Amino acid sequence: MCGIIGYLGSSDSKKVLLEGLTHLEYRGYDSAGIAIREKDRVDVFRVEGRIKSLEEKLASKQFSGTVGIGHTRWATHGAPSELNAHPHRVGAITLVHNGIIENYSEHKDTLVGMGRKISSETDSEIAAHLFDLEAQAGRKLEEAIPRVMSQLRGSYAFVIMSDFEPDILAGVRNGAPLLIGVGEKEHFLASDIQAVLHRTNQIIFLQDGQFALCKRDKVTIKTAEGDRVQPDISSIDWTSEQMDKLGYPHYMLKEIFEQSQAAANTIDGNIDHRDGIVSIRELGSLLTLLPKLKRLCIVACGTARHAGIVGKYYVERLAQMPVEVDFGSEFRYRDPILDQETLLILISQSGETADTLAALREGKRKGVPTLSICNVRGSTLSRESDVVLHTNAGPEIGVASTKAFTTQLVVLYMLAIQLGKLRGTLKKDKAVEFTRELLHLPLLIERVLGTEPEIEAIARKYYSRPFFFYMGRGIYYPIALEGALKLKEISYIHAEGYPSGELKHGPIALVDTDTVTVSIAPRASNGVVDTLFEKQISNLLEVKARKGSIVSIGTEGDLRLREYSDQLISIPRTSWGLSPILATMPVQLLAYHIAVLRQTDVDKPRNLAKSVTVE
Ligand code: M6R
């Protein structure tokens with residue numbers, strides 16, 4: 001979950017590294033550092049805290065070096081401190097690391113036994129010692145890297161400089177992301193595209209078990225077994241402007257407001273205009289398998305898992321197929337029952353979440369077909385899955401996931417419609433009707449975003465409250481979970497999401513005059529939700545009777561809901577399938593404005609990182 005970068009070229013490496021680290025900061029931000037090779041020495045600068053502190057430390061320093069590495073850290077082994085910050089310099093080796101080396105303590109004991117001095121509490125420094133042992137024994141990086149790889153257990157991406165090979169920058173990948181940016185007589189190594197995109201869009205994605213030796217004009221890629229790999233360069237179509245805040249105070253707000261366009265981009269190209277029904281173009285080889293499936297198993301983490309639960313409602317209703325949803329961190333440890341009639345679906349914005357990847361690999365080990373719903377092209381998840389459906393949300397930088405979630409819902413809804421049609425559980429006229437409504441989604445999203453001023457006013461009323469309940473029934477239950485997650489992760493207010501009927505089984509004991517209950521209860525142009533609506537009103541009354549405050553998210557003009565709520569945020573009346581998507585923007589905006597009022601760091605909340613690449 002750290003961000004790493006390396007540069008070898010002819011530009012000012014301090015500038016390149018700091019620029020790259022700024023784009024990687026969402027991956028971790030408790031300490032940072034860079035190392036620059038200056039002729040025959042390497043200068044290392046590290047700070048506890050954010051890239052800004054590193055920039056301040058380096059402000060008056062000029063470098064002539066054009067080779068260097070950098071790191072922004074999310075602490076795993078060892079507290080966030082300058083001593084534990086990267087780069088680690090040991091003998092002739094300077095390196096940065098992302099990942100966890102599981103057997104580091106065994107190596108540490110051996111190294112101490114050899115008389116080596118260990119200065120930090122990190123597993124990364126131990127790896128630096130192992131590379132240095134190789135260097136001191138006269139082995140070049142090309143020979144040393146596979147030897148060290150064979151001694152390490154766990155996940156890692158390294159960028160390494162050796163004093164004995166000053167014109168080489170090495171990158172090693174095993175279980176943590178690493179890519180190579182190819183420029184004009186220059187190479188970049190980085191954890192993700194964002195860090196290099198303003199310099200080049202020519203990218204080589206290293207695979208697990210591979211390492212790269214970059215020179216200015218050439219890159220050599222090999223496997224740990226010593227086989228040469230032909231570099232495969234992809235052109236990435238994300239622009240560096242997409243990475244900027246474009247005048248918004250936070251990435252999160254910008255990304256919330258991008259949801260209309262993101263939904264449009266995700267729908268685009270997936271409608272068969274001959275019959276007016278969804279037809280997902282990326283399904284490819286899975287198309288023939290879909291009608292034969294008996295079950296779906298969806299695995300994801302955090303917000304992506306909440307999308308998976310909405311997907312369960314979609315698929316069970318429209319395609320009448322059982323769907324199971326599990327946490328990435330639990331799935332593989334329960335020896336899941338998987339067979340050839342089960343499709344394993346993995347959902348992830350980044351495509352690099354360690355637990356989601358482990359679930360994918362568990363599925364592959366058991367020989368089931370795999371499909372991923374992923375936002376980052378070229379990510380590990382998208383490369384290792386049999387089929388990938390891309391959410392075209394564009395880069396999501398804010399740690400709190402917003403547009404990735406709503407585009408995941410769009411893909412899941414499209415998948416459910418197509419599955420229903422293929423399996424004959426969804427009549428053609430209904431499939432046409434749902435598809436037609438889907439095409440209106442971007443406009444409906446814009447209308448909901450237009451309620452931002454009202455939501456901000458509600459945030460002002462309640463931002464100092466200590467506890468929020470989010471409750472919803474049926475397909476709104478996962479939106480309640482998502483609303484609670486958004487609030488707690490960026491405002492640090494304790495929040496819980498519940499199916500409304502569960503409150504009386506215990507949680508309602510927490511309701512008092514300080515509690516705010518956010519009730520998600522839009523009506524839809526469909527009978528099922530309306531039956532649940534009456535039950536939701538009863539649950540509201542239960543809260544009201546305990547003097548809790550109620551903020552409702554409901555349908556425009558719903559007088560009944562207004563009567564029982566202290567505040568009402570309205571969304572347009574729409575179909576059952578689109579309603580949870582529209583109900584999402586109010587919970588995102590409410591969390592955002594509460595966090596801003598509480599003066600938290602919205603885009604980089606404490607203790608979190610955007611991409612959780614460790615278990
Ligand atoms: O990149 P992924 O979608 O796999 O990430 C999964 C979760 O870590 C992520 O959704 C997390 O819960 C977000 N911070 C929520 O806003």
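## Composition of the ligand shell

By class, the shell around the ligand in this predicted model holds 6 nonpolar, 7 polar and 2 charged residues, where Ala, Val, Leu, Ile, Met, Phe, Trp, Tyr, Cys and Pro count as nonpolar, Asp, Glu, Lys and Arg as charged, and the others, Gly among them, as polar. In total 15 residues surround the ligand, and the closest are Ser348, Gln349, Ser350, Thr353 and Glu489; a residue belongs here if one of its heavy atoms lies within 4 Å of the molecule.

Local features need pLDDT of at least 70 and side-chain atom pairs pLDDT 80 or more, while totals for chains, interfaces and linings use all residues. Residues are numbered from 1 along each chain as its sequence is written, and side-chain values use heavy atoms, with hydrogens and water left out.

## Polar contacts and cover

A side-chain N or O atom of Ser350 lies 2.6 Å from a ligand oxygen, a backbone N or O atom of Gln349 is 2.7 Å from an oxygen of the ligand, and for a backbone N or O atom of Ser401 the distance to a ligand oxygen is 2.8 Å. Of the 420 Å² of accessible area that the ligand has on its own, the protein covers 91%, as computed by the Shrake-Rupley method with a 1.4 Å probe.

## Elements and domains around the ligand

The elements that give two or more residues to the shell are α8 (302–318) and α15 (477–491), with helices taken as DSSP runs of H or I of at least four residues and strands as runs of E of at least two. The shell also draws at least three residues from each of domain 2 (245–439) and domain 3 (447–603). The assignment, which is automatic or from a database, further gives domain 1 (3–242), and the centres of domain 1 and domain 3, taken over C-alpha atoms, are 45 Å apart.

## Backbone details

The peptide bond from His86 to Pro87 is cis, with omega near -5 degrees, and Pro87 is found in the loop between β4 (67–73) and β5 (88–90). Leu246, although not a glycine, has a positive phi of about 50 degrees, and Leu246 lies in the loop between β15 (233–235) and α6 (251–257).

Note on methods. Polar contact = N/O pair within 3.5 Å; in protein donor to acceptor, adjacent residues only side chain to side chain.
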